[in-house]
Amino acid sequence: MNKHPDYLLNKISGPKDLKKLSIPEMEKLAKEIRTLILEKDAAKGGHLGPDLGIVEATIAYHYVFDAPKDKIVWDVSHQTYPHKMLTGRAQAWLDPNHYDDVTPFTNPDESPYDYFAIGHTSTSVALATGMARARDLMGGHENITALIGDGSMTGGLAYEGFNNAAIEKHNLVIVVNDNQWSINKNVGGLVTALKKLRDSNGEAAENPFKAMGFDYRYVADGNNIQDMINAFKAVKDVDHPILLHINTLKGKGYSPALKDEEFHHWVIPFDLKTDKPLTPEKKPNPNTVATDVIKEQIKAGNKIIAINAAIPSNFDLDEIKDKYPDHYKDVGIAEQESVAFATGFAKEGGTPVLFENSSFLQRAFDQLSHDTAANDLPVVMMVGAGGISSESKTHLGMFDQVLISNLPNWIYLAPTNLAEEKAMMHWAIKQRKHPVAIKMPINDVPEGDDNKVIKDYSNIQYQVKPGKDVAVLALGDFYQLGAKVASKLNATLVNPVSANILDKDTLDKLAANHKVIITLEDDALDGGYGEKVASYLGNKGVKVLNYGQKRVYTDQTPLKEIYKQNHLTVDQIVADVKAL
C-alpha cells in the first residue's frame, strides 16, 4: 500500500514530468525523497548518507538533461536512490510491499536510465570516456556525464580515467561530488587539494583538475537546486571535456547522519525514533576475535599494523584506529594500494594484518599475485563477507577462494569456529614464510574451545570424525551444514582447515575407506576447494560430489532460494547421496 498517496513524487513517472515543476515544487520533492530514503532504509537497511546528500544534484540533472538519450554513469551507484525514484521506480520506496522490486545499484536490466551494473568504485570516468569516444565515432551528439565522489576519488582507476578523459575532443562532463567522505573520512593528499578548492570557492591556484587540462567549474552549494540547475545548464552540450566540482553535505536532512557520517554510510534496519539498530551485534564474533588478537599483539610490543580500505566499521576497527593510530592505516577506497602497502610493510620486517571485504578484493588481484605472491612475503589477510549471499550481483562475496587459492605461495585457511579463527591468526602472524589469508565466517559459528584447536598450520592436517561409507568435507562455516548431513548419513565428518592446501594422506585414506566423498564450500564451485579435491581423487575409484554455488551472478536473490538452486540443503544433499 502506498504510504504517501499525497506526495508530489506520485506524479513523476520520469524526467519529463520533473521538467514541469517549479523550484519550490522541486524543493518539496527533495524533502519527500529524503523521507522515503529514511523510511525504507530503516525497514530494510541500505546506503543512507550518500543518498541523502545527492538529492538536489539528482533532481537538477534530470531537470536539465534529456535522459535516457543523455547518459550519466553513477560511480559506486550506491547514491542512486533519488535517481531511481525519478526514473519510474518510485513505487519501490512509496510502497513497502514493493521494497524489493529494485536493486540498490544501477542495473540496465531494470531500467533504460541505467547504463551499467555498478557497485564498486572509481569506474565512472573510464566508462564514460569509452562511451563518449563511441558516440563520436557513431556521429552522436548526446551528453555523456560521469558522477564520481563519495570516496570513489581515492581509487586509482579514477586517475587513469581522468588522465584519458582530459584529452577527449568533444562533450564529456565529469561531476565530482565532494562530500568530504568515503565510507570513512577521506584520506591522503586528495583531501588537501579538495579543501583548498572549497575554501577558495574554486579559485585556488593549486587546482589538480586544471593542471590535467580540464575546463573547471565549482558549485559551493551542491544542495541548492537552483544553483545546480544553473551549473548543469552551463555545461550541457559543451563540446569539450569539463569538470564540475560540487560541494554537497553527506547525510543532509537527518541529524544523526550529520553527527556520525561513518555509521550512517550504510545501515542495517533501525528504529527511526531512536536511530538504534533493530538487531544488536552479537559478541564475540569474527570481528571482535580478530581485533582482540591485534590489540594483544600491539600491547606485546609487536610491530604490527591493521590495514583496511575505507571500511573500518565493517571490521570493528574503530577502537584500533582511535587508540593505536600508529598501528592503523586506512588507504581509502583503494584495495590495490592496501595490498601493495601491506606487502611493502612486510618486506621491511613488519607484520601487516590486512582486512579486506571479499567482494571488494577482486580489485586488488594484480597485487595479490604480482606483489605479494610473487615475492612470497608474509602478509596476513583477513577476508570478510566471503560466502554465498543474497546481495546485489555487484557485491557477491563468493569469488575470494578462486582469487586467492589459485595463486602460488598463498595459504588460505578457513576456520569452523571462533577459537580456530583466533589460533589461525596467531600462527599466521608468527610465521614469516608465506602470505596467509583467513576466511572469516559469515554464518553463525560456535565459539569453540581454545584448548581443542590446532595451533600450528605449517602442515595442513584434516580433522576427522569417523563414520562410514560417506565422507563429508565441510569447509569453514559450512562445517555446521556438513555436521547435519553427516548425522543424517552416519557419515565421516571432516574439517579441511584450508581452502587450497590439500591433506593428501588423509584424502588417500578417505578414498580407500569410503564410497562417496562430499565437499561443501561457501563459495563458487568453479576453481574452488571441491574441484581441487575431485581433481586429486580422479583416479582413486571413489565418487566425489561437489557442493557450492554455480558460476552465475545472482542479484538480490533470497539466500534460501540460492541454496535450493545449488542443492545446498541437508535434505537435497542426503537425497543426492542415496540416489547414487
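Leaving aside its neighbours within four places in sequence, which residues is Asp178 in contact with?

1. Asp178 is in contact with Leu194, Arg198, His245, Ile246, Asn247 and Thr248 once neighbours within four places in sequence are left aside, where contact means heavy atoms within 4.5 Å. The model is a predicted one, in which local features need pLDDT of at least 70 and side-chain atom pairs count only at pLDDT 80 or more, while totals for chains, interfaces and linings use all residues. Residues are numbered from 1 along each chain as its sequence is written, and side-chain values use heavy atoms, with hydrogens and water left out.

2. Asp178 lies in strand β4, residues 172–178 (helices are DSSP runs of H or I with at least four residues, strands are runs of E with at least two, and both are numbered from the N terminus). Asp178 has a relative accessible area of 2% and is therefore buried (buried means under 20% relative accessible area, exposed over 50% and partly exposed in between, with a 1.4 Å probe and protein chains only). The side chains of Asp178 and Arg198 are joined by a polar contact of 2.9 Å, that is, a pair of N or O atoms within 3.5 Å of which, within protein, one must be able to donate a hydrogen and the other to accept it, residues adjacent in sequence counting only if both atoms are side-chain atoms.

3. On the chain as a whole, the secondary structure comes to 24 helices and 18 strands. The radius of gyration is 26 Å, close to the 25 Å that the globule rule gives for 580 residues, so the chain is as compact as a globular protein of that length; the radius is taken over C-alpha atoms, and the rule is 2.2 Å times the number of residues to the power 0.38. Buried residues make up 58% of the 580 residues.

4. Helix α5, residues 81–89, is largely enclosed by the rest of the structure, because 8 of its 9 residues are buried; among them are Tyr81, His83 and Arg89.

5. Two peptide bonds deserve a look in the backbone. The bond joining Ala67 and Pro68 is cis, with omega about 5°, and Pro68 sits in the loop between α4 and β2. The bond from Lys283 to Pro284 is also cis, with omega near -5°, and Pro284 sits in the loop between β7 and α13.

6. Ala310, although not a glycine, has a positive phi of about 75°, and its relative accessibility of 0% means that Ala310 counts as buried. Asp376, likewise a residue other than glycine, has a positive phi near 50°, but Asp376 is partly exposed, with a relative accessible area of 23%.
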